[in-house]
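Reader: Before we discuss terms, please show me the sequence and the model.
Author: Here they are, and your questions can follow.
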Amino acid sequence: MSLTIQEMARRSGFSEPTLRYYEKVGLLGVVGRDESSGHRRYEPATADRVVALACLRSAGMTVAGMRRYVDLLPLGNAAAAEQRDLFAGQAERLAEDIERLKSRLAYLRGKTRMWDARLRGDAVAEHRAIEAVTLILEQFEP
């Protein structure tokens with residue numbers, strides 16, 4: 001069963017303009033058209049590719065990285081090492097992003113504790129929260 005562009009957008013999380021752009025730059029291959037209306041129809045194989053690209057994009061992969069992935073697909077096992085390296089590199093970048101996000105989350109929680117203590121009039125708890133936030137801020141790169 002084929003999907004309309006609206007259905008594909010909902011399924012993938014990509015906007016309709018993004019889907020059109022990815023088609024234009026060759027990430028999706030040929031997207032079929034409804035014979036009567038000319039509207040895009042995403043067949044199962046194309047829909048699966050869109051969902052895979054959505055996963056890669058949400059993991060922070062660039063369009064250039066996704067293009068490399070798509071370009072290597074037809075090579076199959078001959079490109080296994082390159083595919084592995086592409087995914088390993090992206091996994092490492094994502095792990096670094098996650099660590100940065102954990103620090104930012106700790107900062108937000110610390111500030112929440114600080115303001116909560118201030119609301120309660122608990123100067124000791126506020127001071128501890130400020131100290132914790134200060135330590136967290138020292139972790140951020142300049």
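Reader: What covers the buried residues of α5?
Author: This is a predicted model, in which local features need pLDDT of at least 70 and side-chain atom pairs count only at pLDDT 80 or more, while totals for chains, interfaces and linings use all residues. Residues are numbered from 1 along each chain as its sequence is written, and side-chain values use heavy atoms, with hydrogens and water left out. The cover of the buried residues of α5 includes α4 and α6 (123-139), where helices are DSSP runs of H or I with at least four residues, numbered from the N terminus.

Reader: Which residues of α5 are called buried?
Author: Buried means under 20% relative accessible area, with a 1.4 Å probe and protein chains only, and in α5 the residues Q83, L86, Q90, S103, G110, M114 and A117 are buried.

Reader: What makes a set of residues a nonpolar core, and which members touch the most others in the largest one?
Author: The set must be buried Ala, Val, Leu, Ile, Met, Phe, Trp, Tyr and Cys residues joined through side-chain atoms within 4.5 Å. The largest such core has 21 residues, of which L19, Y42 and L53 touch the most other members, and its largest share, five residues, comes from α3.

Key: Buried means under 20% relative accessible area, exposed over 50%, partly exposed in between (1.4 Å probe, protein chains only). Helices (H or I, at least four residues) and strands (E, at least two) are DSSP runs, numbered from the N terminus. Contact means heavy atoms within 4.5 Å.
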